[in-house]
Amino acid sequence: MKKTLKIFGIVITSIIVLLGIVFVYIGMSDIPSYEVQKIEFEVKSTPESIERGKNLTMMLCANCHLNKETGKLTGKKLLEAPTEFGDIYSQNITQDKKYGIGEWTNGELLYLFRTGIKRNGQYSPPYMAKLPNMADEDINAIISFLKSDNPMVVEDSTPDTPPAPSFLTKLLCRIAFKPFPMPTEKIALPDTNNKVELGKYLAYNLECFSCHSSDFKTNNFLEPELSKGYFAGGNKPLDEEGRVKFTPNLTPDKETGIGNWSKDDFVNAVKYGIKKGENALTNPMTPYTQLSDQEAEAIFAYLQTIPPIKNKVERSVYN
Ligand code: HEC
Ligand code: HEC
């Protein structure tokens, strides 16, 4: 009996020591790196692609990368990132060669957006957006804009601060968060005459589903429809002051979702933050003024086709 206890003690102590070593190792090491596939991506820049890219960037990237002091995409501290992830700073993505993306090739940018792997091989955790389902043509548009002479993206040497990810982030990057696979084929734009298809494409790629489903942790970015509580709301993004803001249910359920909304109610809410008889929608539901009416209506048409889910979400109100 004594002997078994002794062996048991030794085993437990060894496990604790080993775990200790693993924890110290993870704490001291960086986020893991992966091999970078060399990708050729020819960007065709036209006035139309730059304009389209500007709209997409304003809707998808500016929230995090636009710095109000410089008026450019020079990055900033992300107050809306949960503090348990560490101190997170978005980066300077102007054309500056040192701090920005002046030295990045189009292929390196595409590879980062698709997989989450940066040009130095390091994986970028979920606090940086990924574009696994976006059409090549739309990524072409975003890069045309980032490399255009628009004042928001021209060279600006404002230094950026690298993120200081927490132990939890580093641990999750070893066991849970992994890069997405690089698509082997081009991804085509949806048929813009098919409202529901266009709406689905936008609901996926503008990341509406990401905030409006149950929880960031159970979202499926590769196949958004498989996310838990798809569009039934209840997720808890933080606003600019780091406070939880519950997301509403956007499924066609008549009582708890938007089953009784008209197309115009929806367009007004999404594009301008206007809600009939109620206070305006507030951060992090930033008005999508860059969406055309046709696009906003398409998202509405798509949301009417998804399964209704009963889930009552109370609006978070702060004074
Ligand atoms: C939720 C906030 C967020 C959004 C949205 C976001 N980013 Fe980022 N981005 C970050 C953070 C944080 C980093 C730093 C990540 C790291 O160091 O791993 C980053 C890093 C980058 C980098 C790498 C820069 C470098 O020097 O390493 C590029 C390029 C980039 N973002 C472009 C974009 C574009 C284009 C979009 C829109 C399609 C976008 N980001 C949307 C937060 C965001
Ligand atoms: C960063 C997270 C986030 C993203 C991304 C997001 N939303 Fe929201 N949305 C919210 C929050 C939070 C609210 C509630 C705001 C409030 O209570 O003031 C909201 C409110 C709404 C409402 C009002 C619903 C109601 O019942 O009041 C609609 C409609 C809506 N969002 C549609 C969209 C669409 C369409 C997209 C994509 C183009 C989108 N949202 C992207 C967080 C988000």
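Predicted model: local features only at pLDDT ≥ 70, side-chain atom pairs only at ≥ 80, totals over all residues.
Local features require pLDDT of at least 70, and side-chain atom pairs count only at pLDDT 80 or more, whereas totals for chains, interfaces and linings use all residues. Residues are numbered from 1 along each chain, chains are lettered from A and ligands numbered from 1 in the order written, and side-chain values use heavy atoms, without hydrogens or water.

The iron atom of ligand 1 is coordinated by His65 (NE2) and Met128 (SD), at 2.1 Å. Donors are N, O and S atoms within 2.8 Å of the metal (3.2 Å for Na, K and Ca). Histidine 65 lies in helix 3, and methionine 128 in the loop between helix 4 and helix 5 (136–146). The pair is 63 residues apart and links distant parts of the chain. Histidine 65 is buried, at 10% relative accessibility (buried: under 20% relative accessible area, 1.4 Å probe, protein chains only).

The shell around ligand 1 holds 23 residues, each with a heavy atom within 4 Å. Cys61, Cys64, His65, Ser124 and Met128 are the closest. The shell comprises 18 nonpolar, four polar and one charged residue. Helix 4 (106–115) and helix 3 (62–65) each supply at least two residues; helix 4 gives the most, with three. Helices are DSSP runs (H or I) of at least four residues.

Oxygen atoms of ligand 1 lie 2.8 Å from side-chain N or O atoms of lysine 118 and serine 124.

Terms used:
Polar contact = N/O pair within 3.5 Å; in protein donor to acceptor, adjacent residues only side chain to side chain. Nonpolar A, V, L, I, M, F, W, Y, C, P; charged D, E, K, R; others polar. Buried < 20%, exposed > 50% of the residue type's maximum accessible area, 1.4 Å probe, protein only.
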